[in-house]
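Good morning, colleagues. Please take a moment with the structure on the screen before we turn to its sheets and helices.

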Amino acid sequence: MRLIAGKATALAAVLAALLLVPQPASAATQLIGNGTFNSSTSPWAAIGQTTVAAESGRLRVDVKAVVTNPWDAMVASPTTAALNPGKSYTLSFDAYSTVAFKARATVQYTATPSSNQSLATDVQLTTASKRYSIPFTAATASSTAAEVTFQLGGSGGTPVVRFDNVSLLETQTTRPTALYVSSQSNPAKWAAANQGTTEAQAIQANIANKPIFEWFGNWFGDITQAVDSYVGAAQAQDKLPMLVAYNIPNRDACALHSGGGAGDATGYHSWITDFAKAIGTRHAIVVLEPDGVAAAGCVTKIGKDPEDQYRMLLDATQVLKAQAPNAWVYLDAGNATWIAADAMAPLLVKSGIANTRGFSMNVSNYITTGDSEAYAVAVNGYLSGTVGAKKYVIDTSRNGNGPYSDDTPEDNWCNPPDRKLGTPPVRQLSGAEYVFWVKVPGDSDGPCGISDEPAGTFDPALAMALINGTS
């Protein structure tokens, strides 16, 4: 990432002062009782050829006999409240089986379950635990008392199936205004593990208590579980989750500190599809592939074609639009000093920006908000003749002192000294739609600059340097 010096305008401070603080929102109501099975199976009931037991914090379901129909061996639980016809819901659960087979999950009205199902979907169970997240719309019915069932007949055998973390939540009817603050962010977890120290108190007060994006890539073995758990935690508080999708093949091809990603285009399509389906119809904010557009040219160093990268990004925007329709997706556009605005605009177009809400800027970088604003306006000037001007967001996580000036390019972006936290995340009244902390303050860029930690690893010394504005 390349940098130039600049000066932030006073507008950001004025806008921040004018913004309204949203009122606390009510939490989404969990519609399943005892979805964690810590001590009992109640109110879950065995029906037909099954027995149930609580086992190590899971629901164990034994199929007792070989049966033909799925519903001849099932387990069911009533919802804790009636469904609202026409409203959107998400059923989520972890499951695995002693043998792989296709089960069926339903959410159905108890009065006439066979003909009045809001959800009836086949679920491919495997011998490894997986997270399933299934959005649906409640059907119209004369009686709205409902139940969740897992139908396990028809496998040709007598499998043992285990369930955990079963959740049924209504999708927010309106978009949350407050951003989600996760207690599981890297700085929050470090502060909690080091309570009582001066550093932990400072990191908690200045970083961990802010809404920060969660990054998702191939370090999560089950991307559905990871995304669903994070989005579900935000939904339970009626807050807006913020996710970075960061798994494109040949990721970070220019610098290689964060190298990796999916193995090929097919693998990436599968991954981004699972990522999007895990969000489902819930509201979310997604920054799509930081540097994915701007760094595509670097893949030529390893014999790859940049056009393939643009096509993968185009596919990702189409998948997110179809599978996560209520997510605001921002396709990343690098930073103000990397690729000129007249060159960036057509790259964004071929990468699918027409399918997104807009573009993100300055992710993991230090360009001032003022210079980023100017660049965004220029990019939109070129987009206006094709897909039209787009919304944009700016990462202000580390731009409080602007960019670092040094003759060595890597020193400019890789944990440079004397940088500072920027404006905390907030929705703005004009200019950038949001200023965000997309990069997690304190997470290292790699073993370089003032940190020896690998990329993505939390470094409390680096966090303290950002808080104090000096190294």
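Which residue in S7 is the bridge partner of Lys 102? It is Gln 124. Please bear in mind that we are discussing a predicted model.

The pair belongs to a wider arrangement. Strand S6, residues 101–109, is joined to S7 by eight bridges in the antiparallel sense. Both strands are part of an open, antiparallel sheet of five strands, ordered S1-S4-S9-S6-S7. Strand S1 (45–48) and strand S7 (117–125) are at the edges with a single partner strand each, so one side of each has no neighbour in the sheet. From one strand to the next, the twist averages 20°.

I turn now to another sheet. Here the order is S2-S3-S10-S5-S8; the sheet is open, has five strands and pairs in antiparallel fashion. Its edges are formed by strand S2 (50–55) and strand S8 (130–137), each of which pairs on one side only. Ignoring direction, neighbouring strands of this sheet are turned by 30° against each other on average. Within it, strand S3 (residues 58–63) and strand S10 (residues 160–170) run antiparallel and are joined by four bridges. Arg 60 stands opposite Arg 162 in S10.

Finally, the helices. Helix H4, residues 223–236, lies across strand S5 (88–97), S8 and S10, and runs at about 55° to S8. In helix H2 (residues 186–193), the buried residues are Pro 187, Ala 188 and Ala 191. Why are they on the same side of H2? Because they cover an arc of only 100° around the axis. These buried residues of H2 pack against helix H3 (198–208).

Key: Residues are numbered from 1 along each chain as its sequence is written. This is a predicted model: local features need pLDDT of at least 70, side-chain atom pairs count only at pLDDT 80 or more; totals for chains, interfaces and linings use all residues. Side-chain values use heavy atoms; hydrogens and water are left out. Two strands pair if DSSP finds at least two bridges between them. Helices (H or I, at least four residues) and strands (E, at least two) are DSSP runs, numbered from the N terminus. Axes are lines fitted to C-alpha atoms, for helices over the stretch in contact, and angles run from 0 to 180 degrees between N-to-C directions. Contact means heavy atoms within 4.5 Å. Buried means under 20% relative accessible area, exposed over 50%, partly exposed in between (1.4 Å probe, protein chains only). The arc is that of the directions from the helix axis to the C-beta atoms.
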